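Dear colleague,

I am passing on the structure below, followed by notes on what was found in it. Please read the notes with the structure open beside you.

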Amino acid sequence: MTRNDGSGASSLRPIRELLELRSGELQLGKADLVRRWGYANMGKGLRRLDQLKNGDFVPNKDLTGRLARALELPEAAVLDAIVGTQKQLEEERDEVKYRE
């Protein structure tokens with residue numbers, strides 16, 4: 001999902017950007033990433049991936065560690081992107097409240 005900041009430029013959620021960039025570098029499709037993430041149930045894994053991309057994901061050590069390994073990145077990079085996405089969403093919610 002893109003966001004317009006009023007300047008005409010749009011930006012991706014940090015976790016979505018990380019996932020898309022790294023998946024492209026590793027030439028991984030969604031199903032490939034979900035498998036590497038450790039999901040045997042493809043439907044569940046794809047739903048979790050969508051939740052993550054949209055910021056509807058509460059990180060836990062096991063899932064973020066497995067995702068970092070799937071993306072061949074340090075766990076801190078994945079956590080930073082998740083936290084950045086959550087912060088971005090919170091700022092957007094605060095802005096909506098301010099404008100009400």
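Predicted model: local features only at pLDDT ≥ 70, side-chain atom pairs only at ≥ 80, totals over all residues.

Residues are numbered from 1 along each chain as its sequence is written, and side-chain values use heavy atoms, with hydrogens and water left out.

Thr64 lies in helix α4; helices here are DSSP runs of H or I with at least four residues, numbered from the N terminus. Its side chain reaches the backbone oxygen of Asn60 at 2.9 Å. Leaving aside neighbours within four places in sequence, Thr64 is in contact (heavy atoms within 4.5 Å) with Phe57, Pro59, Glu75, Val78, Leu79 and Ile82.

The largest nonpolar core has 19 residues, and the members that touch the most others are Ile15, Leu19, Leu33, Trp37, Leu52, Leu67 and Val78. Such a core is a set of buried Ala, Val, Leu, Ile, Met, Phe, Trp, Tyr and Cys residues joined through side-chain atoms within 4.5 Å. At least two of its residues come from each of α1 (14–26), α2 (30–37), α3 (42–54), α4 (61–71) and α5 (75–99), with α4 giving the largest share, 5 residues. Leu19, not counting residues up to four places away in sequence, touches Leu33, Leu49, Leu52, Lys53, Leu67 and Leu71.

Turning to α3, this helix has 13 residues and reaches 18 Å from its first C-alpha to its last, close to the 18 Å expected at 1.5 Å a residue, the expected span being 1.5 Å times one less than the number of residues. Its buried residues are Gly45, Leu49, Leu52 and Lys53, and they lie on the same side of α3 because they cover an arc of only 95° around the axis, taken from the directions from the helix axis to the C-beta atoms. These buried residues pack against α1, α2, α4 and α5. The N-terminal end of α3 is capped by Asn41, a side-chain oxygen of which lies 3.1 Å from the backbone nitrogen of Gly43, and just after α3, Gly55 takes a positive phi of about 85°.

There are 2 aromatic pairs in the structure. Rings of Phe, Tyr and Trp (its six-membered ring) pair if their centres lie within 6.5 Å, and planes under 30 degrees apart count as stacked, over 60 as edge-to-face and the rest as tilted. Trp37 and Tyr39 are edge-to-face, at 5.2 Å centre to centre with 80° between the planes, whereas Trp37 and Phe57 are tilted, at 6.4 Å and 50°. Since Trp37 lies in helix α2 and Phe57 in the loop between α3 and α4, the latter pair ties together parts that are 20 residues apart in sequence. Trp37 and Tyr39 are buried, as are both Trp37 and Phe57.

With best wishes

Key. Buried < 20%, exposed > 50% of the residue type's maximum accessible area, 1.4 Å probe, protein only. Polar contact = N/O pair within 3.5 Å; in protein donor to acceptor, adjacent residues only side chain to side chain.
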